[in-house]
Amino acid sequence: MKRYTTIILVGIIFVLAALLSGVLLFLRNQPPQARTIQPVVTVQALEPNSALWGLNYPNEYSSFLQTAGNHTATTYGGSSQRSYLLEDPRLAILYAGSAYAKDFNQARGHANSLIDVRATARVDATTHATCYSCKSSDNPALWTQMGMPAFDALSFSAMSSKVNTPIGCANCHEAGTMRLIITNPAVDAALKAQGIDWRNASRQEMRSLVCANCHVTYFFAGAGKLLTIPWADGTRVEDILQYENTLGVSDWTYPGTGTQMIKARHPDYELFTADSTHFKAGVACADCHMPYVRDGAMKYSSHDVMSPLLDPYQSCGQCHTNVDDVLGRVGIIQNEVYNAKIAAEDALIDTITALKGATARSGVDVAQLNQARQLDRNAQFMWDYVSAANSTGFHNPDEALRILRNATDLARQAQMKAAQAAGDPSLLTTGVYESQNPPPTPTP
Amino acid sequence: MKNLLLPAGIFLLIAALGVFVWATDAPAYLGHDPATCNNCHVMDAAYENWYHAAHARYATCSDCHLPHQNPVSYYLYKGYSGMRDVVSFTTRTYPVAIRATAQTDGIIQANCIRCHNDTVESILVGAQPFDRHCWDCHRSVAHGDRGLSLAPYQDVEVYPR
């Protein structure tokens, strides 16, 4: 009997030891735990259809769809399609002779990009397909297939049949990994020109860099109207101006003054990254414009990209505890920048009036007149750099005020130079816009 | 008589050590009561502001400031961190504004995720690593609106009595 007990006990020990070894080996061979989202469908590379990506990321997609209906205005911005020309008629004078004098409305949310670009009066028979560059999630695939020069060389109407979906997932994300990527070849080239490879950027840097896919200033190079980002000399306003002056870029000739004008286009990324307070503190565009929000127990980045002022408790309140105080501060900054912008516009209109007068006259010092035109061109570009950017200076208050200060100074210099060229002090008349458009007398 | 000197000496040494341990409440340093961390008054601001902030009901100092992967690393770091504090307090080399070190930042971040994993899981995933700390934005969750201010909670406008 005793012999059997020993055998049974040893047997049990063997079985338990084998079981334990088996369990340990099983655990050892488990795949390492990783945070992951199980995809419902496989999204092909450069897939333009955002709805397909949305099956895997329903929260992000459904918040993105809200950009279609978010038409709210803030004091100075928002996404309400307000007419800049009607709100500030000085713009119609400053943009005279360019397409911006025909129609210049505030942009609506991302999902409206195609409808709005097709509706604007700025597009006509001569417009190139370049104007579709930032309007469609079809573009990354088209750029890969045909290349950007061929894309831009086509006419707007010829491209219309190929471009069917508004801005979407494929404009910023890599399918499969969902990594943030630069998809715009012009931005890739502009970064490369500065010796920057965005592929080495951190996630937080990419949360701003993907916005630079579109929210940057640009010009059309050559007869092929190739989209070009003027960053080779740097991304400060002076660097960009120097680059465009060296190339002799001209977007239009101002009627009556003969000045070769250049248009600044929403340099939001450049202005924000020019050592703004928030940028230096490590804040990315997405932190304020796409704040993390909750749905049940899950947190995700809202893709309803909009002005943070439309939901300040979500956007500013993540970091700032006293949101009302913050809103007061934003109001003060934007009012100051707006007033400085109007002062620059008044100076530019005085300059244009003086230049017209000098140009019409005979026996003018041509060298001095050309200097005056160059100053006018630089002044208007610098004013436009702040005026055409979103945020009414909030992206970088001190930089915006610095640029507007220089714009006003250059405009006044241009006016004096024009008067000097004509030898006529009457060209130094100021307050031209105000005298022609007196503010309405308040009714008692 | 001579033979008794050594044992007596050892006994006295042990007794003195016992009195030291008892008198200084040394075993408390093995526990996780935040009041123990505040034995040194340099921790007043950190303690006071934590006490009034959102996490006081849920997390103690060691819940956030010590690694929780396993008991070994927990007690090793507890010893290291504690001795570091002892040295800097005794030699008066601690900074005026006490801030978490880069090493502690990593530990705190891991502890944020340890409790809030379900909520933040979907924003942590991705081909690129999540390269920020939770408190870069959520600045007031741990030590309140006044952070590590040395003059806590005197603003009656913000904190009515």
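This is a predicted model: local features need pLDDT of at least 70, side-chain atom pairs count only at pLDDT 80 or more; totals for chains, interfaces and linings use all residues.
**Entry 1: ground rules**

Residues are numbered from 1 along each chain as its sequence is written, chains are lettered from A and ligands numbered from 1 in the order in which they are written, and side-chain values use heavy atoms, with hydrogens and water left out.

**Entry 2: two loop residues**

I looked up T392(A) and found it in the loop between α18 and α19 of chain A. T392(A) has a positive phi of about 45° although it is not a glycine, and at 14% relative accessibility T392(A) counts as buried (buried means under 20% relative accessible area, exposed over 50%, partly exposed in between, with a 1.4 Å probe and protein chains only). I then turned to L46(A), which lies in the loop between α1 (2–28) and α2 (50–56) of chain A. L46(A) is not a glycine either, yet has a positive phi of about 60°, and with a relative accessible area of 32% L46(A) is partly exposed.

**Entry 3: helix α17 and its partners**

I reminded myself that two packed helices are described by the angle between their axes and the distance between the axes. Here axes are lines fitted to C-alpha atoms, for helices over the stretch in contact, and angles run from 0 to 180 degrees between N-to-C directions. The axes of α17 (residues 323–360) and α18 (residues 366–387), both of chain A, come within 10 Å and cross at roughly 155°. That makes α17(A) roughly antiparallel to α18(A) (angles under 35 degrees count as roughly parallel, over 145 as roughly antiparallel, 65 to 115 as roughly perpendicular and the rest as oblique). Their crossing is left-handed, meaning that the near helix is turned anticlockwise from the far one by less than a right angle, whereas clockwise would be right-handed. The residues of this contact of α17(A) with α18(A) divide into 11 nonpolar, four polar and four charged (Ala, Val, Leu, Ile, Met, Phe, Trp, Tyr, Cys and Pro count as nonpolar, Asp, Glu, Lys and Arg as charged, and the others, Gly among them, as polar).

I next compared α17(A) with α19 (residues 397–422) of chain A, where the packing angle is about 15° and the axes are 8 Å apart. That makes α17(A) roughly parallel to α19(A), and the contact residues divide into 18 nonpolar, three polar and four charged.

**Entry 4: aromatic rings**

I found 21 aromatic pairs over all chains, where rings of Phe, Tyr and Trp (its six-membered ring) pair if their centres lie within 6.5 Å, and planes under 30 degrees apart count as stacked, over 60 as edge-to-face and the rest as tilted. In one pair, the rings of W143(A) and F151(A) have centres 5.8 Å apart and planes at 55°, so the pair is tilted. W143(A) is buried, with a relative accessible area of 7%, and F151(A) is also buried, at 0%. I also listed a cluster in which ring pairs link Y84(A), Y95(A), Y100(A), F104(A), W252(A) and W383(A).

Definitions and conventions. Helices (H or I, at least four residues) and strands (E, at least two) are DSSP runs, numbered from the N terminus.
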